[in-house]
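Here are my notes on the model, as asked.

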Amino acid sequence: MSAGASSARCWMPLLAGLLFGALFMLGGLPVLVLGLVAVLVLVSVLAKPLRGLLAFCVVAPFIPWTTVTLGIRMTVSEALLALTWAGVAWQWLMGRLPPLQRGPTERAMGWLILWSLVPLVVGQLTVHGVEGNGPVNWVRWLLNLSTLFLVPLLTPRPEQRRQMMDCLIVGFAAMLALSLFYFLRTPDARVMIPVLASLKYAHPEAIQDIFSANYTRMASPWVHPNSTGGALLLGVPLAFFYGITQTGWRRALGMAVTLAGAAGIVFSGSRGALLCMAALVVWLAWRRAPGAGRTLLIGGVLAAVMLIAYPPAQERLLSLFQGSKDASTSVRFDEYRNFHRAVERYPLGLGFKVDPPPPGTDLFGISNLWLNYMYKLGAPAMLLFIAVTVAWWREVRQLGDLARMNTDNALRVGSVGAMLAALLTGFIDHYFSFTQVLLALFWLTMAISLQQSRPLPPPPAPPRPTP
């Protein structure tokens, strides 16, 4: 053992003792316990970064916007991604991880990230009279995008992806259990407000406004009903196609999340998620995926029953055909009519200082995935996002014979289907563009589909015997 390593071993217990002693002096036993837990989590993730990604997969679907203050206030989900990257960096220094995978999709994403520096700087200089920290928001956006790179880096083998899917399905199951419990107990979204306050959700006044605006729609930790529908639009296909190839508790949990998630989409009143999920099932039935026809039939019957038994769902669905009588549809038309004004005022995008529409202006937002990229980051960013999705589609489009479903292609079909449904809903909503954490799940799903479509890497070489 070297003298330096021996000296470090002598100093580490002393430094740890000083740290924990200071924590006890400052905050007593509770702060000391939290400090111990934080150190244990840090050491665990630094030793094995996959643990950070697995923790994210549980926390992100369940309590996506629970916050923590680490110098800046951020969600626990984003903090876990930052911690995971710290573990990745440490493992790279130790020479234990391969470099980042650079497929066509990842390279296109790299160009999008590079371009984002331009609207970041321009937005800081041109958006005035607004409080906001553009660089911090940009870093948080990068953390949400980074799941596209973490999945191939940390889950190259099927057994690791199985662990990740287990955690993801457990997270969705916990979210649905909490949401449906409160909804079935009392169909008033406002009962969720104290729960989210106890979970340290930011902006309580905005939560109050959202839940009070239409309190008959199912509340969830995703706060806005459309965000709830968007999250379930990813979770339901993943749970179904993962569950049908598993046995035991995995199969039971996957089917439970599928059924509860479908009910959650109806109770949330998210018309876009409901229509896109129906379109996905029709597409799968057309491709003759096993069970898709039965699912279409059973889903149609259950949806009809729920629509008959649940009048708020009837109202939301009928509002699609009421045009100007429906407030949200009317607002969307106003957004499109006024979108050119936003582009003229911010030709290179708003940047990361503020989200559309900028406060203090007479501009509107935009409920469209692609146009929201133009609004925030300029037309080049929208074109680069299109390039990313085109590169992705070229890699995953050869789904083969869907009639022969097995463990090798089921998750591939589910993740590709979830992405197609998410992109389809992008024509009528924008939440998969810059909504924190939901954005991370979007890119995580894309990464899963890419991993399932690419050939397995060769097994690691056995260590050489020391002479």
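1. D362 and R341 join their side chains in a salt bridge, at 2.7 Å from N to O. (A salt bridge is a side-chain nitrogen of Lys or Arg within 4 Å of a carboxyl oxygen of Asp or Glu.) The pair links distant parts of the chain, 21 residues apart: D362 is in the loop between α15 (327-345) and α16 (369-377), R341 in helix α15. R341 is partly exposed, with a relative accessible area of 23%. (Buried means under 20% relative accessible area, exposed over 50%, partly exposed in between, with a 1.4 Å probe and protein chains only.)

2. Basis: this is a predicted model, where local features need pLDDT of at least 70, side-chain atom pairs count only at pLDDT 80 or more, and totals for chains, interfaces and linings use all residues. Residues are numbered from 1 along each chain as its sequence is written, and side-chain values use heavy atoms, leaving out hydrogens and water.

3. K376 forms a salt bridge with D355; their closest N and O atoms are 3.0 Å apart. K376 lies in helix α16 and D355 in the loop between α15 and α16, so the pair ties together parts 21 residues apart in sequence. K376 is buried at 3% relative accessible area. D355 is partly exposed at 48%.

4. The structure holds 10 salt bridges. One of them pairs E78 with R140 (2.9 Å, N to O). E78 sits in helix α3 (residues 76-93) and R140 in helix α5 (residues 134-145), 62 residues apart. E78 and R140 are both buried.

5. Helix α20 (residues 438-453) has 16 residues. In α20, 16 of the 16 residues are buried, so the helix is largely enclosed by the rest of the structure. (Helices are DSSP runs of H or I, at least four residues, numbered from the N terminus.)

Definitions and conventions
Helices (H or I, at least four residues) and strands (E, at least two) are DSSP runs, numbered from the N terminus. The expected span of a helix is 1.5 Å times one less than its number of residues.
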